[in-house]
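Please open the model in your viewer and keep the selection tool at hand.

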Amino acid sequence: MTALMEGREAKTRLPSPDAASRRSAAKQAGILAIVCALVLLAAPSDYTVRIATMILIYAALAMGLNVVVGLAGLLDLGFIAFFGVGAYSYALLASNLHDIHINFWLMVPVGMLAAALLGVVVGLPALRTHGDYLAIVTLGFGEIVFILLVNLDRPINITNGPQGVLGIDLPAVGGWQIGREDVYLGPIGLTTTMQFFVLAALYTAGVMYCALRLRDARLGRAWRAMQESEAATSSCGVSIVRAKLSAFVFGASVAGGAGVLTAAWYGSVFPDSFLFSESIKVLAMVVLGGIGSVWGALAGAVVLVFMPELLREFDQYRLLIFGLVLVLVMRLRPQGLFASGTPRVRRWTLRRSTTRRGGSS
Amino acid sequence: MTATAQRMDGGTGVLAAESTAGHLLSATGLVKRFGGLIAVDGVDLAVPANDIVGIIGPNGAGKTTLLNMLSGALAVDEGTIRLDGVDITQRNAASRAALGLRRTFQNIRLFGGMTVLENVLVGMHVQTRGWIAGGIIGGWGVARAERAAVETAATVLTTLGLESCANSLAGSLSYGQQRRVEIARALASSPRVLLLDEPAAGLNSAEKREATELICSLPERYGLSVVLVEHDMDLVSDTCSAISVIEYGRPLCDGRPAEVLNDQRVIDAYLGTAVVR
């Protein structure tokens with residue numbers, strides 16, 4: 001009886017692991033937001049802000065792919081296709097091409113949903129294969145999407161083919177359109193580029209929060225377990241197909257949302273932006289940053305977007321130096337820049353509960 | 001193991017069907033073929049509630065294949081498996097685990113890159129809540145289930161003497177500790193039947209004694225039944241109330257440990273038949 005009461009009392013005192021994970025994820029996403037704000041304040045030019053926005057969008061993509069490759073261990077070589085589907089769903093439903101103008105804020109979830117649906121359609125058959133075969137299937141899927149985007153201008157013009165879609169709507173808040181003109185809030189001026197930077201920062205911070213939360217949640221545990229032993233994971237009651245499909249769908253919807261955002265920012269989309277090489281670029285960010293690590297995905301995006309820009313002045317040696325740096329990083333730090341460790345949240349949670357247990361007995 | 005293996009023909013067996021009724025876990029006429037090889041050929045099994053039964057046999061007798069069929073890791077070619085009267089033959093491993101049929105592996109399969117606590121929490125997948133949205137938002141009772149799961153996991157880890165390494169990576173533990181983590185992972189979900197595949201393999205004599213004590217205590221403490229596949233005869237005779245022997249995938253004999261281990265057929269199976277000139 002006493003033991004029971006002690007147990008109940010202790011239960012109310014014990015901090016919830018869920019709350020701890022929520023705090024930690026919010027803190028980290030907050031740090032990203034603060035860093036973004038600092039970048040905005042310190043940025044010397046619009047050009048810098050544009051690069052930073054690009055980094056953020058790639059970082060969101062890399063965080064999404066990191067869930068698929070890093071957590072669930074599924075090598076997806078057609079990831080950029082989901083980005084393309086998101087971008088094109090906004091381009092087709094919010095431009096003069098078909099004279100449809102659906103609101104941006106509605107299109108973000110729609111684009112995510114479209115990519116997620118495609119993720120299910122591709123994932124259901126593809127996820128029955130393993131390892132290299134899955135890589136080949138996803139690679140083929142990526143090519144199919146690209147070829148569709150190029151060729152769906154005949155017999156009925158849907159995607160406008162290789163010419164792409166121009167004149168895509170800007171996102172609107174009330175009567176004010178983001179990215180139409182520079183705005184001044186007292187002394188602080190936000191150029192059109194900066195406005196999109198803020199949008200991208202919000203999106204990426206949101207993706208980071210979701211990715212961190214999922215990693216430590218029940219589903220993330222199942223993903224990480226599955227990567228080590230599918231047999232042992234299914235013997236724990238986890239449906240492997242469902243877990244894999246969820247990783248695929250989550251990654252796809254993150255890419256889809258990023259696609260909508262990018263289409264609105266550029267004001268135009270072209271099939272060439274969704275080539276296989278882009279999938280490889282995002283994968284390189286994940287691997288370079290540290291497979292399985294959320295901050296690593298960001299670091300990978302910073303390096304792989306920033307470095308080619310820095311190397312512009314070396315002109316024809318640019319790719320050579322770029323390749324050399326990649327080889328060196330992987331040689332000296334094969335686990336990536338940010339190796340994924342054991343987050344402090346999880347340690348802290350049990351330490352509290354075991355010390356209490358030791359004290360009461 | 002109560003009455004099984006009365007027949008040697010591998011058929012359906014009316015006798016077996018009668019004798020397995022009312023048991024917690026029962027299997028009748030299990031057959032597994034790998035191409036031309038018949039790995040398991042007409043094995044029956046009946047596990048009463050709160051009991052420990054052993055499956056022994058020489059190397060390659062089909063013990064692990066049998067266990068894999070019971071756990072759902074391998075599809076059954078012929079025969080039926082029932083858990084508490086429910087036919088689970090067509091269910092996959094995950095669904096059987098959710099029904100309370102858990103296992104450990106002969107070659108330890110822990111999630112080495114995750115902490116011991118996380119390993120146990122994966123084992124409690126069925127007891128925890130939330131998927132994509134639930135995992136991100138944390139509502140719908142997710143937080144409560146997580147907290148309860150950590151509590152239970154901590155209790156089980158303490159019982160198995162693993163509380164000090166709860167936050168260590170499972171891959172960094174000693175072999176004996178890893179074996180215990182595997183058992184903890186299965187135990188935390190309060191299973192009804194626990195299938196142990198050679199839990200004493202690779203343990204030293206002190207660890208083996210601990211393992212014996214632990215296994216003996218399981219039915220009473222956790223209200224479950226244990227199916228033990230093992231090579232170590234001391235462990236088997238100290239823990240099991242009944243033993244079934246299989247050889248070349250076929251049932252050889254079964255009964256109480258003392259009888260079975262002194263049975264001439266079993267001795268012959270293990271040591272070979274003496275050549276009489």
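**Stop one: a strand and its partners**

Select L196(B) and then L228(B), its bridge partner in β8(B). This is a predicted model, in which local features need pLDDT of at least 70 and side-chain atom pairs count only at pLDDT 80 or more, whereas totals for chains, interfaces and linings use all residues. Residues are numbered from 1 along each chain as its sequence is written, and chains are lettered from A and ligands numbered from 1 in the order in which they are written.

Now select strand β7 (residues 193-197) of chain B, which pairs with β8(B) in the parallel sense over five bridges; strands pair if DSSP finds at least two bridges between them, and strands are DSSP runs of E with at least two residues, helices runs of H or I with at least four, numbered from the N terminus. From β7(B) the chain passes through helix α8 (residues 205-222) of chain B to β8(B), a right-handed β-α-β crossover, meaning that the path from the first strand over the helix to the second runs clockwise with the strands pointing away from the viewer.

Strand β3 (residues 52-56) of chain B also pairs with β8(B) in the parallel sense, over four bridges, and here G54(B) has L228(B) as its bridge partner.

**Stop two: the side facing chain A**

Select the 43 residues of chain B that are in contact with 40 residues of chain A, contact meaning C-beta atoms, placed from the backbone, within 7 Å. Within this side of chain B, α6(B) gives the most, with eight residues.

Technical notes:
Two residues are in contact if their C-beta atoms, placed from the backbone, lie within 7 Å.
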